[in-house]
Amino acid sequence: MSSLPAAPGRIAFAPDFISGDLVHLGSARLLGSRCHNCGIVLFGRRHRCENCSSKRLETELLSDAGTIYTYTVQRYPPPPPFPASQPWIARPVAWVDLDARGPRILGPVDCSPEKARIDMRVAVRLRPAWEGAPGEEVIAFCFTPLSHYRADLA
Amino acid sequence: MSKAVIAGVGMTRFGRHPNRHYTDLAVEAIEAALEDAGMEFRHIQQAFCSKVYLPSATGARVMERMGRTGISCPDVEGACGAAAAGLRLAVNMVEAGQCEIALAFGVEKMPKGFMPPENLYEKWQCMLGLSQNPQYWALNARRHMHEYGTTEIQMAMVAVKGHRNGALNPNALFQKEITLEQVLASTLVVDPLRLFMLCSPDDGAAAAIVCSSETARRFDCKPVRVSACVHTISKFPLLNASAYCATPTDNPTVFAATAAQAYELAGLGPGDLDVAEVQDSDAFSEIECYEELGFCAKGEGGRLIEEGATDIGGRLPVNPSGGLQARGEPLGASHYGQIFEIVQQLRGQAGARQIEGAKTGLAQVYGAWGHCGVSILERLS
């Protein structure tokens, strides 16, 4: 037994949505599934195509940039078990169309509510988002305005 | 195969019933429906209990109160569309001749505020905070404003109409009119939606008794024909709550697709409707329903409310009961509450809310993970 505390473990927010090294997040990317039958790209690794039910799916890495299709602002904290900050700071949430004919996915936007707008360019950022088991960091995604994006923050 | 009829309806007030057990609410609605149909509980050969948040075997627990006559009464769960799924089963069994008389009812007890999310979302969606139902409606509303110029005032007008109608409905949670200014001054919850534009989860039960028109003749009742009762799960992508991936497709929305099936079954179109009850979970969603159910062209929904077309007395009154805006939403009972209103309207029993000469009515519900139901009722000639 080591007398040193173990390095905190990291897990993805859900299986089948992130590919790569969770310790060095710069190399990790969101995962999608491209359907060879209907051509759609879905978020996450899938059993069948959610659109056409085909099994002819290919997993691919998704673009780490996209464009806001629509957004809202959560003025009140989402209900538990979400670990809301105290006090709550209003945050935008957006549907984002990922580049390279990627999927439209939903996520929080890391910017002030006033800044969010339709057609805004954003980057996908992977970051520790909440604690899983004691000492375990859960890695999830959010969007950041592309002009603010710095890879070293990951 | 002849169409089923609804022989009787009953409901509790949709509201806050903190001191009443849910079986008590269900019993009140069922007893009212039986009396309305001129029937006894022993006439019921099959029952379906719709619920979402209540515990396992809710229907069986209601049988404990109504009398264990040995019939089947499974729970039917389908988020906010649960009651449409239950009604469809009752209608199908009657039309298939598998039973003569079926009871379809729903009941729920919900705390106010955001719905407890773990029943409706994956854990990770909750932990990311993407578990606030109104956020989805707000996202749709914002895009609609961007594309079609729909305004906050038009959305507020839906809330004003809902409360105006609710003030005439003794079964509504909110029975007080509100002004446009009050709606626009109410707290911003999820931009652009404000507190007075959002429906409140609440408590209540409602019931419908389904049988054939031949069977209905043996009882002292005023039957209404079920011209269509359709329940589907959305094609991709989901329009609303619980979605996390919504890559665009050419698929019709689940509102449009489910309504198209219902219109075809009923052999009529939106132009034939005299009254509609739709899922106005928020003021914007009602505008979306106008368009998706074919009451107006895409993008014209804001103008429809502005013109007063959907007021009582307008071209096509929508949510004369006050809708979810005024009644709130006891999930499992919600569609039966709509059915109750349409039946009253078609029988000319809606009192101050009566739409003159209403012969044909539509009721539509929509819920998490894509559950959608559309029923079309017609006055028997």
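Chain A has an accessible surface of about 7,800 Å², and carbon and sulfur atoms account for 52% of that. Keep in mind as you look around that this is a predicted model.

Staying with chain A, let's go through its secondary structure. You'll find ten strands and zero helices, so reading along the sequence simply gives β-β-β-β-β-β-β-β-β-β. The C-alpha trace spans about 55 × 45 × 30 Å along its principal axes.

How much of chain A is buried? Of its 154 residues, 45% are. As for how the chain meets itself, take the contacts between residues at least 6 apart in sequence: 50% of these join residues at least 24 apart. Chain A carries 18 positive side chains and 15 negative ones, and the centres of the two sets sit 5 Å from each other.

Now hop over to chain B and pick out B:Ala266. You'll find B:Ala266 in helix H9, which covers residues 254–266. Is B:Ala266 buried or exposed? Its relative accessibility is 16%, so B:Ala266 counts as buried, the cut-off being under 20%.

What does B:Ala266 touch, leaving aside residues up to four places away in sequence? Its contacts are B:Ser227, B:Ala228, B:Ile376 and B:Glu378. Take B:Ser227 from that list: 39 residues separate it from B:Ala266 in sequence, yet in space the two are 4.8 Å apart, C-alpha to C-alpha.

How values were computed: Residues numbered from 1 in each chain as written. Chains lettered and ligands numbered in written order. Predicted model: local features only at pLDDT ≥ 70, side-chain atom pairs only at ≥ 80, totals over all residues. Heavy atoms only, no water. Helix = DSSP H or I, 4+ residues; strand = E, 2+ residues; numbered from the N terminus. Buried < 20%, exposed > 50% of the residue type's maximum accessible area, 1.4 Å probe, protein only. Contact = heavy atoms within 4.5 Å. Areas by Shrake-Rupley, 256 points an atom, 1.4 Å probe, with all protein chains shown as cover. Lys, Arg positive; Asp, Glu negative; His and termini not counted. Charge placed at Lys NZ, Arg CZ, Asp CG, Glu CD.
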